[in-house]
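Keep the model open while reading.

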Amino acid sequence: MTESQAAKKPILLSGIQPSGHLALGNYVGAMRNWVNLQQDYLGIFIVVDLHAITVRQKPADLRKRCLSFAAQYLAAGIDPAENIIFIQSHVPQHAELSWVLNCYTYMGELNRMTQFKDKSQRHQDNINAGLYTYPALMAADILLYQADLVPVGADQKQHLELTRDIANRFNHTYSPTFKIPEPFIPQAGARIMSLQEPDKKMSKSDSNENNYIALLDPPDVLRRKIKRAVTDSAREITPESVNNAGIGNLLTIYSVLNDQTLAAVADQFAGQQYSVLKGELADSLVGFLEPFQQRYDQIMGEQGYLSSILDEGAQRARYMASRTLSKVYRKIGFVAPGRNR
Ligand code: TYM
């Protein structure tokens, strides 16, 4: 796609933190919609490594994971010829705008962020300032590219609302500078739950690997994790099962993978044992993830190809981001470099 063709399309933007193992929750809540929406937008898909260091990461693992996540974006079906894929730290404007936006974000707003409250409980030995101000970095990620639509899971809704508030505040203080982005949160699958503790969301960095399905789990592991998923003491599926945390979650995953409504799936399995649903769900997952994993292996085998996509993505991103950043600097009263030469 040429720059002028790309410039005509509205912008779709999203990102995932390279922490843990890319999981089914991330696919269903976010990536699946990136793939489905990419046709009508210019997609910008970021591996947000600056976000990942709000929690301690092993350097060698982080390095590998960034490339692995980018390859998984491609394996999921993002077309690199039509979209921009890059690693966040390759585009310095994210850190630069984030500093500016920190100065337009109130502590009262950050104090309300539920993800900060959750994460600071889980990482009590490392409640760092980055973890606290991270929503301003996420706002920078989005606002730098004048994004129209941001497909995310339900847990990011609050951050998106804050992004909109920050953008409106800046626009009103100066003059229209940022596009106000719309969230895209799917009707089905916006919050996939943990397999062992279905009252909490499935998390890619859960310390118990039985809580999540990793997109790279081999078939025997996928089958074992589904088989062991926690349900309740009833054995048979009824129309009310959709409201049950554990079995409702499995029905939701099945419905999304098979493009059916939740009600239709509950009808289809009504009167069947839980084990029947688990067996069919495991088949659907293996059927979906095997070709995904083959594409992934192929992409990881061509590191030169992957690097060239990421380099080109970063180059295009830097160009777009620098245009917004210079506008911002001008509006707040920074002197343009080289002005008096
Ligand atoms: P992260 O890395 O925690 O999650 C990546 C995406 O997956 C979604 N998600 C889920 N959806 C459904 N069910 C689940 N159990 C589940 N778990 C995670 C998340 O909602 C998210 O869409 N701050 C973001 C990353 C980010 C970003 C951005 C997103 C940074 N900059 C700009 C959009 C635009 C995060 O930590 O997501």
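## Aromatic pairs

There are 12 aromatic pairs in the structure, which is a predicted model. Two of them are set out below.

| Pair | Centre to centre | Angle between planes | Geometry |
|---|---|---|---|
| Tyrosine 104 and tyrosine 174 | 6.2 Å | 65 degrees | edge-to-face |
| Tyrosine 254 and phenylalanine 269 | 5.1 Å | 90 degrees | edge-to-face |

Tyrosine 104 and tyrosine 174 lie 70 residues apart and link distant parts of the chain. Tyrosine 104 sits in the loop between H5 and helix H6 (107-111). Tyrosine 174 sits in the loop between H9 and strand E5 (182-184). Are these two rings buried or exposed? Tyrosine 104 is buried, at a relative accessible area of 16%. Tyrosine 174 is partly exposed, at 31%. Both belong to one aromatic cluster, formed by Tyr104, Phe170, Tyr174 and Phe178.

The pair of tyrosine 254 and phenylalanine 269 also links distant parts of the chain, 15 residues apart. Tyrosine 254 is in helix H11 (residues 245-257), and phenylalanine 269 is in helix H12 (residues 262-269). Both residues are buried.

## Helix H5

Which residues of helix H5 (residues 93-102) are buried? They are Gln93, His94, Leu97, Ser98, Val100 and Leu101. These residues are on the same side of H5, because they cover an arc of only 160 degrees around the axis.

What do they pack against? Two strands are partners: E2 (42-47) and E3 (84-87). The helices are H3 (49-52), H8 (129-143), H9 (157-173) and H14 (303-332).

Notes: Residues are numbered from 1 along each chain as its sequence is written. This is a predicted model: local features need pLDDT of at least 70, side-chain atom pairs count only at pLDDT 80 or more; totals for chains, interfaces and linings use all residues. Side-chain values use heavy atoms; hydrogens and water are left out. Buried means under 20% relative accessible area, exposed over 50%, partly exposed in between (1.4 Å probe, protein chains only). Helices (H or I, at least four residues) and strands (E, at least two) are DSSP runs, numbered from the N terminus. The arc is that of the directions from the helix axis to the C-beta atoms. Contact means heavy atoms within 4.5 Å. Rings of Phe, Tyr and Trp (its six-membered ring) pair if their centres lie within 6.5 Å; planes under 30 degrees apart count as stacked, over 60 as edge-to-face and the rest as tilted.
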